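Here are my notes on this one, jotted down as I went through it. Have a look at the structure first, then work down the points.

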Amino acid sequence: MRIILYELRKLLNWKLIGFLVLLSFLFYHMFLSTGFEYFPNGRPSGDHFKVSKQMIAEYGPEMDKKEFEDFKVTYQEEVEKAGEYLKSHEGFSEAGIATYEEFRSFDRSSNPEVNELLGKVMFEEGVDIFWELQAREGIIDFYAHNDERIFISDNIQDEEWKKEYVKNPSRHAILPNFVVENFSNLITMVAILIVLSVMIIVGRVHIIDRKNNAITLQYTTKEGRNLFKKKMAASMVMATIITTVYLFVFFLMYAQNETSEFFASSLYAFETNYFWIDMTFLQYIIISVIGVYLLSLVAAAIATLISRIAVNYISLIGAHIPIAVLLILLMTQYLITRIFSHQYPVLLTISTYVALLVLAGSILFFRWKKEQKVDIV
Amino acid sequence: MIIKQELLKIIRMPIIWGLIVFFLGLNILITMNNTDFKEDMAVLSNLVDDYGHEINEETLVKIENDYEKVVASVNGLAEDKNKTYDHPSELLEDYKVQNPLTEEEMRKLWNHHYFEVYYRTSKDIDGIYENINLAGIADTVIRMYGMEAGAAETVRTQFQKLDERLDELMDNGEHKHLFFNNMLYEMHELLFEKLGRAFLFELMILVVLITAAVTNYEFENRTASISYTTISGRNLVLKKLGASAIATSAVTLVVVGGTFTAYFLTYDYTGLWNVPISAYFNAETPLPYISWWNLTFLEYMGFFVLFILISQYLFMGLSYILSIYLKNTYLVFFAFLILVGSGILLPGKVPLTTDLVFYLHYNPFTLILNPHEWLMGNGPFTIYKHYEAVTFGIWAVLLALISITSIHYFKRQQLH
């Protein structure tokens, strides 16, 4: 235990931690900040977000057929409110626009003056009701055509799954697509940052001893040869600590996006792209987090091995690069981004994780076997 | 002689070779991105074989005659004999839903259709260029980025200069040449943006690692206290720079050369080497590529490779300086990454009101972000005619000065 602590302390080189903080800061500004600052992005997305939350407050995480009728009634009421606004507005009543229908179907090119007024109301004054109506129309459209949409979708070949999907009441869940996309993009970037950080920090675990010529001393004793195991443990602990710290900070920031209302909604929702598994948004978040932890442990295992084999820093960094590139590619395809979505078969995701874990476990196991007899020079 | 010894140190590192092989593999994967279009692109090769690449009245007449034959054969393919089709695309439109043709006939129809696009676009080029409104584009750019005051003024002036160049280009007829229809195939993007960026970042990794490893070698292998105790030993630091420079040129040529070999074996550019890079068919967006000088495709490629090489020398200089002070390859690598990140981020963080934002773009890290826009007036922040030359010049002088001071410092430092 004491040795593991010593090893951990050796890994926490203050210069490197400083670099890592700086790198994370730059990484945040390059790849993460937009996901926080521009969410939900503009109008009517923002209005869509608001309306969806109101719907959850009213109907719960799902909106069944009866509630949908009620939703349409609310829409009509809003339309009337919009009509009242138009009637009370001088410019519009002069142009003969008194109802929302007329407002919508108004031929913009026919009357530039009214067109300008319309632009002013929508973009400069940003009158909420018109944007909200647009958002509601989008939702109604999605809901009404949900079942047809799945059958014309070219991306999904599995007819059985389609039939199952249509029977499942979870498809009435309220969960706008951009909420899922936003989380998916953010967690992918965080996962990349974590994997790279683990490689940077854990990659030094053996090489510092080699650089100090301590290896020749250590490996002459039995205790010294057992160090590999201790260092292995230290690497795993380190990876877990790094992952936890990053994820903690990330979720503190993600809380600003205020999506907790959607946690109970299923990913089968009528507005999201398709996922294979009927899981709630919260479960999706948890699965993504588990994925990040697994990948961080895999990265730590590979880094431990490379660190033991590499004779100098250049080969240490160089050997990490193809692995980092490969892991990043896999993460952005199906290991983290939109995990279990219809773009890739479920089995592919699961088998890749299993393969990576088996690979990580076996390289450590076989190296551990080899450590007992390996020559020092 | 000593340089040779230093070079041997590099050559004997298996990881360098491993990385080169890995990067070449990656680049070949990127190269294969457009192979789906290969058959379609062959239509152009035939056109160029028949008419040459220049579009003038003479060739247009020839193409027109052949096009009539094509239309006739399209009508031969059509099922409905009562209907005559003016263009292959009309028949394609009809056959979108139900298609009575065999696969081979369909292939032919598609080829006719590509012929049609080349023919009709060639006739339209003049009209398209007369309608390019650079002042309007400048206004759009200014609005899109929210520029104000001085910065907005600069963009307007630069687009005005580009407008003059556009007039010159139209007088030269640089735009009227046949080339791959890149609105469809985006070959410029594939070659100069996707592969270009891959080159720049891959080589950056290699160059930084090599330079740092060579320069720090004595410290990392505990030979410093021997080699740096004599004056000629301290002079090693210059030899190491020489070795890094040779290695930088070598890896650049190997990676770029290897990838280009794969690329041009995959895609047939026969007969296209002398097409001006500003040809309309090269355009991928509503604003076509407008190069500041009249350059052929081959000349543009030459500058492209040259600029890659110069960028790598700058990165070499930077990592050399970092190595002298940090003395540790690991730290140098990450310090370098931080510089890259800051260089990319900083220009985006200043207010868009003064020219400061343009000055900040004169750095090698923003320069390598859009290699497909080098020498072109297409990026609003890098739209200066001499942007590349000025950036390279300033940084080369700056890095040379710091290097000289660093070497001076190195020769007098304490050994510990």
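1. Let's start with A:Glu116, which sits in helix H7 of chain A (helices are DSSP runs of H or I with at least four residues, strands runs of E with at least two, numbered from the N terminus). A:Glu116 counts as exposed because its relative accessibility is 64%; the cut-offs are under 20% for buried, over 50% for exposed and partly exposed in between, with a 1.4 Å probe and protein chains only.

2. Before going on, the ground rules: this is a predicted model, where local features need pLDDT of at least 70, side-chain atom pairs count only at pLDDT 80 or more, and totals for chains, interfaces and linings use all residues. Residues are numbered from 1 along each chain as its sequence is written, chains are lettered from A and ligands numbered from 1 in the order written, and side-chain values use heavy atoms, without hydrogens and water.

3. A:Glu116 belongs to a negative surface patch with A:Glu90, A:Glu94, A:Glu113, A:Glu124 and A:Glu125. Helix H5 (90-94) and helix H7 (112-124) of chain A each give two or more residues to it, and H7(A) gives the most, with 3. Patch members have over 30% relative accessible area and no salt bridge, with like charges joined within 9 Å and nonpolar side chains (Val, Leu, Ile, Met, Phe, Trp, Tyr) within 5 Å. Asp and Glu count as negative, Lys and Arg as positive, while His and the chain ends are not counted; a charge is placed at NZ of Lys, CZ of Arg, CG of Asp or CD of Glu.

4. There's a nonpolar surface patch too: A:Val237, A:Ile241, A:Val245, A:Phe248, A:Val249 and A:Leu252, with about 530 Å² of accessible area together (Shrake-Rupley, 1.4 Å probe, only the protein chains shown as cover for residues). A:Ile241 is in helix H15 (residues 227-254) of chain A.

5. A:Lys231 pairs with A:Asp209 at 2.7 Å between the closest N and O atoms. A:Lys231 is in helix H15 and A:Asp209 in helix H12 (residues 207-211) of chain A, so the pair ties together parts 22 residues apart in sequence. Both A:Lys231 and A:Asp209 are buried. Shared partners join A:Glu7, A:Lys10, A:Asp209 and A:Lys231 into one network.

6. A:Glu7 is buried at 5% relative accessibility, whereas A:Lys10 is partly exposed at 33%.

Technical notes: A salt bridge is a side-chain nitrogen of Lys or Arg within 4 Å of a carboxyl oxygen of Asp or Glu.
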